[in-house]
Amino acid sequence: MSRRIGCIQIVMGPAGSGKTTYCQAMQQHFPTARIANLDPAAEDDSLPYEPSVDVRELISVPEVMEELQLGPNGALLYCMEYLLEHLEDWLRDELDALEDEEGYLILDCPGQIELYTHVPIMRQILDRMQQWGYGPSMVAVFCIDSAFCIDASKFLSGTLLSLSAMVALELPHVTILTKCDLMDEREVERILEYGSAQAIWDREQDRQTLLRRTDWNYNLDDVVVVVDPEPNATTVSPEEKERIQLLEDRRLKRERLTQSISQVLDDWQMVSFVPLNIRDEESLDHVFSLVNHAVQYGEDLEVKEPPHDFDDDDDGPM
Ligand SMILES: Nc1nc2c(ncn2[C@@H]2O[C@H](COP(=O)(O)OP(=O)(O)OP(=O)(O)O)[C@@H](O)[C@H]2O)c(=O)[nH]1
C-alpha cells in the first residue's frame with residue numbers, strides 16, 4: 001500500500017525533555033525531513049528550526065492568554081481544542097500540501113502529559129490523521145531526559161510515563177533517553193543496566209531507594225515512642241502502637257505494589273530505552289534507524305549496531 005508520507009515521527013515527552021532539540025537534530029541528520037510544530041505555546045524565538053507547518057499560524061497560547069485572560073495551562077487547552085475543531089480545514093490541508101510517499105515528517109508536540117492521558121486531545125488528532133490515511137507511517141517517539149532516570153525511582157516513573165503514552169496512543173513506540181551528551185557514559189550505562197524494573201527491585205540498595213522515595217507522608221524513624229514515667233517500665237501507648245501498626249501495614253502494601261509494578265513492566269517487556277547523544281552522528285543514526293524500522297520506512301534501511309556497548313535492552317521499538 002502506498003503511503004501519503006513515508007514516515008511521520010510524533011515526538012512527545014515531558015516539558016523540557018528535549019523534544020524540540022531532538023527534532024532539530026533529526027532534521028540536521030536527515031535534511032529532507034520537514035518539521036511541523038504542534039505546540040501553540042512555543043515562543044517566537046524558541047524554535048531552532050524552520051517549521052513547514054506551524055500551529056501558531058492557526059492559534060497561539062500568548063494571544064489566547066491576552067484575549068481571553070486565561071493562564072498558560074487553560075490557554076494551551078483552549079488552543080488544542082481549537083485545533084481539534086479545525087483539523088479538517090487546517091491540519092488536513094497543511095499535511096496534504098506535504099504529501100510525498102518518500103517524504104519524512106517530524107511532529108514536535110506539546111509536553112503537557114494531560115494532553116495524552118486524561119484529556120486525550122493528542123489521541124483524537126492522531127486518530128483523525130489515521131482516518132486521512134497517514135496511519136502506516138506514524139511512529140511515536142517519547143523523549144525522557146536521562147537525568148530524569150538516574151536513580152531507581154526516577155527510572156520507574158519515567159518508564160510508567162512512557163508506558164501511559166504508549167497505551168493512550170496505540171502507535172509503534174520508541175522511548176529515547178535524551179541529553180546523553182550531558183551524562184557521564186558510565187551513568188548512561190547504569191541507567192540502561194537497570195533495563196529491567198525487576199532487576200532494580202532485586203538490588204537491595206535500589207529497592208531501599210524506591211521504598212524511601214515512595215514514602216510520601218511519613219517516616220518510620222519519626223515515630224515517637226512514648227516512655228512510661230514509671231521506672232523500668234518502658235511501654236508504648238495503645239494509640240502509638242496502633243499508629244505504628246498502621247504505618248507498617250501501609251509500608252508492606254506499598255512494597256507489594258512497587259514490586260508488582262516492576263513485575264508487570266518486566267513481564268510485558270513494553271518499554272526499553274534508546275540512548276541518544278545528539279553530538280554523536282552514530283548515535284543519531286542508530287536512533288533514526290530504529291524509529292524507521294518501527295514503521296518499515298526505507299526498504300533498504302537496516303537497524304545498525306549501536307555505537308556503545310549498552311545495546312542489550314534497547315534493540316527495538318515496542
Ligand atoms: N546538551 C544538551 N542539551 C539539550 C539536549 N536536548 C535538549 N537540551 C536542552 O534542554 C532544554 C530544553 O530542550 P527543548 O528541546 O526545548 O525541550 P522540549 O521538550 O522541546 O521543551 P518544551 O517545548 O518546553 O516542552 C534546552 O535548553 C535545550 O538546549 C541534548 O540532547 N543535549
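**Exercise 1. Is Lys179 buried or exposed?**

Solution. The model is predicted. Start with the place of Lys179: the loop between S6 and helix H7 (185-194). Next, count the neighbours. Lys179 has 23 other C-beta atoms within 10 Å. A residue with 20 or more counts as buried. Therefore Lys179 is buried. Finally, look at the backbone. Lys179 has a positive phi of about 60°, although it is not a glycine. Most residues other than glycine have a negative phi.

**Exercise 2. Find where Glu170 lies, and decide whether Glu170 is buried or exposed.**

Solution. Glu170 sits in the loop between H6 and strand S6 (173-178). Around Glu170, 12 other C-beta atoms lie within 10 Å. The cut-off for exposed is 12 or fewer. So Glu170 is exposed. Its phi is near 50°, a positive value in a residue other than glycine.

**Exercise 3. Check the span of helix H3 (residues 72-85), then work out which residues of H3 are buried.**

Solution. Step one is the span. H3 has 14 residues. At 1.5 Å a residue, H3 should span 20 Å. The end C-alpha atoms of H3 are 20 Å apart, so the two values agree.

Step two is burial. Ala75, Leu76, Cys79 and Met80 of H3 are buried. These four cover an arc of only 135° around the axis, so they lie on the same side of H3. Asn73 and Glu85 are exposed, on the other side of H3.

Step three is the cover. Helix H2 (61-68) and helix H5 (121-131) are included in what covers the buried residues of H3.

**Exercise 4. Identify the residues that touch the most other members of the largest nonpolar core.**

Solution. This core has 72 residues. Ile10, Val11, Val139, Ala140, Val141 and Ile176 touch the most other members. Helix H6 (residues 152-169) gives the largest share of the core, eight residues. Now take Ala140. Leave out residues up to four places away in sequence; its contacts then include Ile10, Met12, Ala165 and Met166. Leu169, Leu171, Pro172 and His173 are also among them. In soluble globular proteins, nonpolar side chains tend to be buried together.

**Exercise 5. Describe the shell around the ligand: how many residues surround the ligand, and which are the closest?**

Solution. The ligand is surrounded by 15 residues. The closest are Gly18, Lys19, Thr20, Thr21 and Gly111. Sort the shell by type: three residues are nonpolar, eight polar and four charged. Then sort by element. Helix H1 (residues 19-29) supplies the largest share, three residues.

Conventions
Residues numbered from 1 in each chain as written. Predicted model: local features only at pLDDT ≥ 70, side-chain atom pairs only at ≥ 80, totals over all residues. Helix = DSSP H or I, 4+ residues; strand = E, 2+ residues; numbered from the N terminus. Expected span 1.5 Å × (residues − 1). Arc of directions from axis to C-beta. Contact = placed C-beta atoms within 7 Å. Core = buried A, V, L, I, M, F, W, Y, C linked by C-beta atoms within 7 Å. Near = placed C-beta within 6 Å. Nonpolar A, V, L, I, M, F, W, Y, C, P; charged D, E, K, R; others polar.
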